[in-house]
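Thanks for asking me to look this one over.

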Amino acid sequence: MIETERLLIRPWRDEDREPFWTMACDQRVMEYLPPLTRAESNSGIDRMMALQAEHGHVFWALERKAEGDFIGFCGIMPPRSPIFEHEIGWRLAHHAWGQGFAREAAEASLAWAWANVSVPAIMAITNLANTRSWGLMERLGMVRCLDEDFDHPDLPVGDPLRPHILYRIHRPHQAAT
Ligand SMILES: CC(C)(COP(=O)(O)OP(=O)(O)OC[C@H]1O[C@@H](n2cnc3c(N)ncnc32)[C@H](O)[C@@H]1OP(=O)(O)O)[C@@H](O)C(=O)NCCC(=O)NCCS
């Protein structure tokens with residue numbers, strides 16, 4: 001569990017299934033993401049729970065401290081396959097956009113990763129059209145790797161969401177003591 005000024009960044013719970021499905025039904029949230037069935041929404045949470053148990057980190061659930069409600073996810077995904085590295089990612093309920101919650105959660109997730117995971121860098125991926133997502137990457141100090149655009153292997157050939165861009169941030173240098 002990570003605590004920030006306004007958020008709890010925590011492992012997933014069964015109570016998150018309903019609000020996560022509500023997000024999956026919101027076309028504004030899913031504009032640049034492949035659609036999910038109810039079963040896929042639930043199996044996605046099952047997978048997050050399993051990865052948390054196996055690795056100790058994943059795209060975690062976000063809860064507002066003041067309201068105690070689930071507003072989405074943000075965190076560090078272990079490498080999904082040999083072509084992926086440790087990856088930061090996010091998805092917020094639409095009502096929680098535009099308030100700095102994603103940035104707050106992402107900055108805390110990166111700080112957690114530098115302290116707890118022995119990796120030199122963390123990547124993030126999105127579509128070029130998803131300006132809110134890569135805007136956040138840039139606010140975090142991530143840099144686009146222009147020669148690393150790729151087609152997402154989980155999406156079918158011809159799907160307009162398939163072409164992806166990649167950003168990366170390197171572990172900050174430790175100040176000399
Ligand atoms: C991508 C996503 C997480 C970005 O969320 P966001 O709320 O825009 O991002 P931030 O947390 O950085 O918030 C920035 C905004 O909050 C505003 N803000 C308000 N209070 C703030 C505060 N205390 N601190 C920082 N920013 C604040 C900023 O001015 C900025 O406003 P703007 O959108 O008008 O420019 C969100 O759009 C989302 O969930 N999208 C759908 C899912 C998705 O596409 N995920 C990525 C797949 S690759």
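The points below go from the overall fold to the core, the ligand shell and a few single residues.

1. Ground rules. This is a predicted model, in which local features need pLDDT of at least 70 and side-chain atom pairs count only at pLDDT 80 or more, while totals for chains, interfaces and linings use all residues. Residues are numbered from 1 along each chain as its sequence is written.

2. Fold. You will find four helices and nine strands in the chain; these are DSSP runs numbered from the N terminus, with helices being H or I of at least four residues and strands E of at least two. Read from the N terminus, their order is β-β-α-α-β-β-β-α-β-α-β-β-β.

3. Overall dimensions. The radius of gyration of the chain is 16 Å, which agrees with the value near 16 Å for a compact globule of 177 residues. That radius is taken over C-alpha atoms, and the globule rule is 2.2 Å times the number of residues to the power 0.38. The C-alpha trace spans about 50 × 45 × 35 Å along its principal axes.

4. Burial and contacts. Of the 177 residues, 24% count as buried. Here buried means 20 or more other C-beta atoms within 10 Å of the residue's own, exposed means 12 or fewer, and partly exposed is in between, with C-beta atoms placed from the backbone. Among contacts between residues at least 6 apart in sequence, 60% join residues at least 24 apart; a contact is a pair of such C-beta atoms within 7 Å.

5. Core. The largest nonpolar core has 34 residues, and those touching the most other members are Trp-60, Leu-62, Cys-74, Trp-90, Ala-102, Ala-105 and Ala-106. Strand S4 (70-77) gives the most to this core, with six residues. A core here is a set of buried Ala, Val, Leu, Ile, Met, Phe, Trp, Tyr and Cys residues joined through C-beta atoms within 7 Å. Beyond its neighbours within four places in sequence, Ala-102 is in contact with Cys-74, Trp-90, Leu-92 and Leu-136.

6. Ligand shell. Which residues come nearest to the ligand? Of the 19 around it, they are Gly-100, Ala-102, Arg-103, Thr-126 and Arg-132, where being near requires a backbone-placed C-beta atom within 6 Å. Helix H4 provides the largest share of the shell, four residues. By class there are nine nonpolar, six polar and four charged residues; Ala, Val, Leu, Ile, Met, Phe, Trp, Tyr, Cys and Pro count as nonpolar, Asp, Glu, Lys and Arg as charged, and the others, Gly among them, as polar.

7. Helix H2 and what follows. The 18 residues of H2 (38-55) should span 26 Å at 1.5 Å a residue, and the end C-alpha atoms agree, being 26 Å apart; the expected span is 1.5 Å times one less than the number of residues. Just after H2, Gly-56 takes a positive phi of about 85°. Val-58 sits in the loop between H2 and S3 and counts as buried because it has 22 C-beta neighbours inside 10 Å. Apart from neighbours within four places, its contacts are Met-48, Leu-51, Gln-52, Gly-75 and Met-77.

8. Helix H1. Arg-17 lies in H1 and, with 17 C-beta neighbours inside 10 Å, counts as partly exposed. Leaving aside neighbours within four places, Arg-17 is in contact with Asn-42 and Ile-45. Thr-22 also lies in H1 (17-24), and its 14 C-beta neighbours inside 10 Å make it partly exposed.

Methods
Two residues are in contact if their C-beta atoms, placed from the backbone, lie within 7 Å.
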